[in-house]
Amino acid sequence: MSTGVIVMSKIPLPGRSKSRLQEKAGAQEAALFHRACLYDLQAVLRNWGMPARIYIAGGSNEEFRSSFPQAMPEEFTCLVELDWSDFAFYRQHGGDLGERMLCAVQESLTEFQQVILIGSDIPGIDRNLLEQACAELRQHDLVLGPALDGGYYLIGLKSVNPLLFRDIDWGSGQVLEQTLQAARRLRLQTALLSKMQDIDRWQDLKAWAGRTGDSRGKSTLAWRYANYLLKRAEVR
């Protein structure tokens, strides 16, 4: 069964992404954390060999691929340029987040038999998790990766079910439960993956970095940059 990965992303430049994180971290630092997540994710997808579509909001393909415009610490200069040469780019369409995700799923299911949709700024998504999502999706109608804040970081589907994306309070702590209620109404067989931290605010970053420091996630660039930000904040 052919599987495609959908990556939903904003433009990883200062002031263009991670707006709530930048309130504490700063616009440049929040954008660099987003880029670090993208750096890790592109490595996972490239090494896995799974075809991926990048759906962009808030700018053009050229802006997404553009160089970072400001100086950065030497140990993170790999974030100046991100190599997405192996990936296909598309524009997000629709009003709210639900409509944009639904459009991406509808378009992608014309090419693949099943799709896995993820965000671009969720640290810790690795090959094992994506393979588990694929395996669960072969046995279920719907796969969800619950986020600790009450949303979800991953959704996997084999068919278009618009009700899963409508009448959802996006950005609230009710997203996962409302989606599960819709799945029950549709009588979909649903599998849940392990919970993960969605990094929206500074306290999310601190909590995630603290938990990840004793795991294999410590080797990721996202963790190293988060740790750099936290240590820098201690000095100030």
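**Ground rules.** I'm working from a predicted model, where local features need pLDDT of at least 70, side-chain atom pairs count only at pLDDT 80 or more, and totals for chains, interfaces and linings use all residues. Numbering starts from 1 along each chain as its sequence is written, and side-chain values use heavy atoms, with hydrogens and water left out.

**α2.** I checked its length against the expected span (1.5 Å times one less than the number of residues). For the 22 residues of α2 that gives 32 Å, and the end C-alpha atoms are 32 Å apart, so the two agree. I then looked at burial (buried is under 20% relative accessible area, exposed over 50%, partly exposed in between, with a 1.4 Å probe and protein chains only). In α2, 16 of the 22 residues are buried, so the helix is largely enclosed by the rest of the structure. Just after α2, I found Gly 49 with a positive phi of about 80°.

**Trp 48.** This residue sits in α2 and counts as buried because its relative accessibility is 13%. I looked up its contacts (heavy atoms within 4.5 Å). Beyond neighbours within four places in sequence, Trp 48 touches Val 5, Arg 127, Leu 130, Glu 131 and Cys 134. Its C-alpha is 6.6 Å from that of Arg 127, 79 residues away along the chain.

**α5.** Which residues of α5 are buried? I get Leu 129, Leu 130, Ala 133, Cys 134 and Leu 137. They cover an arc of only 140° around the axis, so they are on the same side of α5; the arc is taken from the directions from the helix axis to the C-beta atoms. The buried residues of α5 pack against β1, α2, β4, β5 (142-146) and β6.

**Largest pocket.** A pocket is an open set of points on a 1 Å grid over the protein atoms alone, where a 1.4 Å probe fits, with protein on both sides within 12 Å along at least five of seven lines; lining residues have an atom within 4 Å of a point. The largest one holds about 910 Å³, the volume being the space filled by probe spheres on points joined across faces, edges and corners. Of its 33 lining residues, Arg 20, Leu 97, Asp 121, Asp 198 and Asp 200 are closest to the centre. Elements giving two or more residues to the lining include α1 (19-25) and α4 (97-108).

**α4.** Its buried residues are Gly 98, Met 101, Leu 102, Ala 104, Val 105 and Ser 108. They fall within an arc of 165°, so they line one face of α4.

Methods
Helices (H or I, at least four residues) and strands (E, at least two) are DSSP runs, numbered from the N terminus.
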